[in-house]
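Q: Please pick one part of this model and take a close look at it. Then set it against the rest of the chain. Keep it brisk.

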Amino acid sequence: MVRAYVRYLKLQRGMSPNTLDAYLRDLQKLLHYLATAEKTVSDVQLPDLQHFAAGLHDIGIGPRSQCRILSGVRSFFRFLQLDGWREDDPSELLESPVLGEHLPEVLSTEEVDVLKNSIDLTKPEGHRNRAIIEVLFSCGLRVSELVNLKCSNLYAEEQYVRIMGKGSKERLVPISQQALKELDFWFMDRRQLKIKPGEEDYVFLNRRGAHLTRTMILIMIKRQAEEAGIQKTISPHTLRHSFATALLEGGADLRAIQTLLGHESIGTTEIYTHIDVTTLREEILHHHPRNMKWRGAISDER
């Protein structure tokens, strides 16, 4: 069953290796619970899944992680029903914990500049790290998209980068002159490296000439934030969120931001962008046809 599910996630859902690993890690939690409870995937029912969900809370897993795990459980059982392994879906009525509104940390443009300017350019990785921060902030990339960014997908003259996102979906994202300038400085240093075979097309490399990992970038940004004196808890994703927030505050359309971020659903984009309620109210009052008619009547009276 699990092997068939993995093939389904790879071939039909087009999941990236990182997403696939996450789904399988969460599924292993369920399979371990069922083995302990002497249950099989074929005979498990809703009360068993509810007990499993309650156990996640009991061992200290947070609500957001619980939601992710239970989403994976529902995906698994939906597949089993669709593929004929089971006649029913016991997870259909399985509820997830209610989440409160969660707004990630966001950096202003000034704080991003402070972060970049704190980098010691006398170190071999100095220009590389500045380019990483600027590309994350200027293009709003996921960290997985950044580590897999290829030189062949950079179109400096047209000021675009081609990104391979989740589900192997491609998108074109504009890149700023500032980011291209930082990349030019990094490429001068990059030419001095002895690059490993097969790694030649990756934009960002470590000292040994191999492409960076997500963990390396996470550690670098957290360490740099400490050196810059930034008190916020930040990660590579903070720069992605800051990108979306800056666009929204600058007047960009939410659908345009959705396209740039590579979100399948507009609801996901709304999670990443905290919309000012007052601004939203003014937009409705200004643009809704009923309000426009009302404003016209007031003008005529005057």
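A: Burial terms come first: a residue is buried under 20% relative accessible area, exposed over 50%, and partly exposed in between, with a 1.4 Å probe and protein chains only. Gln50 is a case of the middle class: at 40% relative accessibility it counts as partly exposed. The model is predicted, so local features need pLDDT of at least 70 and side-chain atom pairs count only at pLDDT 80 or more, while totals for chains, interfaces and linings use all residues. Residues are numbered from 1 along each chain as its sequence is written, and side-chain values use heavy atoms, with hydrogens and water left out.

The protein has 14 helices and three strands. Both are DSSP runs numbered from the N terminus: helices are H or I with at least four residues, strands are E with at least two. Of the 302 residues, 39% are buried. The accessible surface is about 18000 Å², and carbon and sulfur atoms hold 52% of it. That area comes from the Shrake-Rupley method with a 1.4 Å probe; for residues, only the protein chains shown count as cover. A contact means heavy atoms within 4.5 Å. Among contacts with a separation of 6 or more, 54% join residues 24 or more positions apart.

The close look goes to the sheet. Strands of a sheet pair through backbone hydrogen bonds, either parallel or antiparallel. Here two strands pair if DSSP finds at least two bridges between them. The three strands form an open sheet in the order β1-β2-β3, with antiparallel pairing. β1 (154-155) and β3 are the edges: each has a single partner strand, so one side of each has no neighbour in the sheet.

Take the β1 side. β1 and β2 pair antiparallel over two bridges. Leu154 sits opposite Val161 in β2. Tyr155 has Tyr160 of β2 as its bridge partner. Four residues lie between these strands in their hairpin, where Gln159 has a positive phi near 60°.

Now the β3 side. Strand β2 (residues 160-164) pairs with β3 in the antiparallel sense over five bridges. Tyr160 is bridged to Pro174 of β3. Arg162 has Leu172 of β3 as its bridge partner. This hairpin has five residues between its strands, and Gly167 takes a positive phi near 65° there.

Which side chains of the sheet are buried?

The helices give the contrast. An α-helix has 3.6 residues a turn, so residues three or four places apart point the same way. Helix α4 (residues 63-82) has 20 residues and reaches 28 Å from its first C-alpha to its last, close to the 28 Å expected. The expected span is 1.5 Å times one less than the number of residues. Buried residues of α4 include Ile69, Leu70, Val73, Phe76, Phe77 and Leu80, and Arg74 is also one of them. Their cover includes α1 (2-12), α2 (17-36) and α3 (46-58). Gly84 follows α4 with a positive phi near 85°.

Helix α6 is mostly covered, with 14 of its 14 residues buried. Its end C-alpha atoms are 20 Å apart, which agrees with the 20 Å that 14 residues should span. Gly140 follows α6, with a positive phi near 65°.

How do α6 and α10 pack? Helix α6 (residues 126-139) meets helix α10 (residues 236-249) at an angle of about 40°, with axes 7 Å apart. Axes are lines fitted to C-alpha atoms, for helices over the stretch in contact, and angles run from 0 to 180 degrees between N-to-C directions. The two helices are therefore oblique to each other. Under 35 degrees counts as roughly parallel, over 145 as roughly antiparallel, 65 to 115 as roughly perpendicular, and the rest as oblique. At this meeting, α6 brings residues including Ile133, Leu136 and Phe137, and α10 brings residues including Leu239, Arg240 and Phe243.

Last, back to α3. Gln50 lies in this helix. Gln50 and Ser96 are 46 residues apart in sequence and 9.6 Å apart in space, C-alpha to C-alpha. His57 is also in α3. His57 is exposed, at 54% relative accessible area. From His57 to Pro97 the gap is 40 residues in sequence and 9.5 Å in space, C-alpha to C-alpha.
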